[in-house]
Amino acid sequence: MITEIAPATERVVSEPARSRGRRRAWDQAPRWQIYLPLSVYLVFTLVPFYWILLFALRPAGSTSLMPWPLTFDHFEKVWTERSFGTYFGNSVLVGLATLVMTTVVALAGGYALARFDFKVKRGFMLALLCSQFVPGALLLVPLFQIFAELKMINSLGSVIIAETVFQLPLSMILISNFIKNVPYSLEEAAWVDGCNRLRAFRVVVLPLLRPGLIAVGSFAFVHSWNHFLFALMFLNNQDKQTIPVGLNSLMSADSVDLGALAAGGIIAAVPVVIVFAFIQKWLITGFSAGAVKG
């Protein structure tokens, strides 16, 4: 018996030893082997950003590789003459409304999937997953007919509803996994203390879902902010369009104003960059928790 166990024990002990040896070899590697690939990747990543800043900040017609003298004429042009102020406000409204509606509905549906058992639960989950393989372009015509019957064409409400519907399946699956990671015994303890189900959820479960809610909400906001197809299809008037459609309007068949296009791209990118800069910690934690199988 002892002779049979000894080799297994020896293997178990040797695994951490090999891991420590690999870490020691990595720590002793020359620094250039680490920093050189990272530097190449950093340059490859930052060059497009520098290029767009160059076109946005240098005067029109300049071919200099340095944005000097600095000019903000392109930003002023797209913000006032090309109505990017209106586009920006519309995109903020669509993004925030989609964030709120997606989070609230996904929270209710995710709780039902996580805490209740019903006969078609497995089939319903499969349908949610399969819906992610359907491209939005296939549903443009039926959606347009539905919104036309509801007299919602050329209304931001049509884009908000369409974006929410397309964000819900994945958001609901993620929220259900977040809720499964919260011990059911915590809710039961709240029930014993006199809370009903709704109060127990609000007091006990909801505070623990903060990373997941931030992850789902930010994903819905960014997707609706960048989405081009629904806004192009359902919005006709210029004062109703969003930033992706506004960027497309800067390009014509005859010419492209690269300075204005670069300035518009920066205006479109800055809010998303700011959002991710503030929520990156919650975003990583939330998606990591949602990926755990419940």
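How do the residues of the lining of the largest cavity divide into nonpolar, polar and charged? They divide into four nonpolar, four polar and one charged. Here Ala, Val, Leu, Ile, Met, Phe, Trp, Tyr, Cys and Pro count as nonpolar, Asp, Glu, Lys and Arg as charged, and the others, Gly among them, as polar.

## Basis

This is a predicted model: local features need pLDDT of at least 70, side-chain atom pairs count only at pLDDT 80 or more, and totals for chains, interfaces and linings use all residues. Residues are numbered from 1 along each chain as its sequence is written, and side-chain values use heavy atoms, with hydrogens and water left out.

## The cavity

The count is one cavity of 30 Å³ or more. On a 1 Å grid over the protein atoms alone, a cavity is a set of points where a 1.4 Å probe fits but cannot get out; a pocket is an open set with protein on both sides within 12 Å along at least five of seven lines; lining residues have an atom within 4 Å of a point. Grid points are joined across faces, edges and corners, and a volume is the space filled by probe spheres set on the points.

The largest cavity holds about 40 Å³. Its lining includes Ser 91, Val 159, Glu 163 and Trp 225. Helix 4 (84-115), helix 7 and helix 10 each supply at least two lining residues. Helices are DSSP runs (H or I, at least four residues), numbered from the N terminus.

The largest pocket has a volume of about 370 Å³. It is lined by 23 residues, and the closest to its centre are Ser 131, Gln 132, Val 165, Phe 166 and Gln 167. Helix 7 (156-180) is among the helices that each supply at least two residues. Helix 7 gives the most, with nine. The lining has 17 nonpolar, six polar and no charged residues.

## Helix 7 against helix 10

The axes of helix 7 and helix 10 come within 10 Å and cross at roughly 160°. That makes the two helices roughly antiparallel (angles over 145 degrees). Axes are lines fitted to C-alpha atoms, for helices over the stretch in contact, and angles run from 0 to 180 degrees between N-to-C directions.

By class, the contact has eight nonpolar, five polar and one charged residues.

Notes: Angles under 35 degrees count as roughly parallel, over 145 as roughly antiparallel, 65 to 115 as roughly perpendicular and the rest as oblique.
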